[in-house]
Amino acid sequence: MKLREHPLMICGGIVNWPPIWIWTGGERNERPRGEIVLIKVELSLLDPRRLFLTIQYNDSEYMGWLSFDDAKFCQKIYHLLKGLYRQSISEIGELDISRALE
């Protein structure tokens, strides 16, 4: 099953992939699309069901977040994403995570 289609990639009934990106700095604020590269993943210190993702796009950085209903699944996604730095967000969304999360 693709990461973006997994039934636990939700929070409050709303699908969380792909994240909404907020510009945090760099050359200019653009709407990221196309080749968006993951450069960092952090667990929230306040909510065990939330991850923060940082991406790079055209010499700028953006942050997004993933919120989950299931804290254990959030932890699994965190550990999976930590191993995917420098991968594109579109490739990550297409990953078959069936075996990766066992």
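I began with Y78, which lies in helix α1; helices here are DSSP runs of H or I with at least four residues, strands are runs of E with at least two, and both are numbered from the N terminus. I am working with a predicted model, in which local features need pLDDT of at least 70 and side-chain atom pairs count only at pLDDT 80 or more, while totals for chains, interfaces and linings use all residues. Residues are numbered from 1 along each chain as its sequence is written, and side-chain values use heavy atoms, with hydrogens and water left out.

I noted that Y78 counts as buried because its relative accessible area is 15%, where buried means under 20%, with a 1.4 Å probe and protein chains only. Leaving aside neighbours within four places in sequence, I found Y78 in contact (heavy atoms within 4.5 Å) with V41, E42, L43 and L51. I also looked up W21, whose C-alpha atom is separated by 18 Å from that of Y78, 57 residues apart along the chain.

Of its 25 residues, L51, L53, L66, I77 and L81 touch the most other members. Two or more residues each come from β4 (37–43), β5 (50–57), β6, α1 (71–82) and α2 (89–94), and α1 gives the largest share, six residues. With the same exclusion of sequence neighbours within four places, I listed L3, M9, L51, L66, F68, I97 and L101 as the contacts of I77.

How values were computed
Core = buried A, V, L, I, M, F, W, Y, C linked by side-chain atoms within 4.5 Å. Buried < 20%, exposed > 50% of the residue type's maximum accessible area, 1.4 Å probe, protein only.
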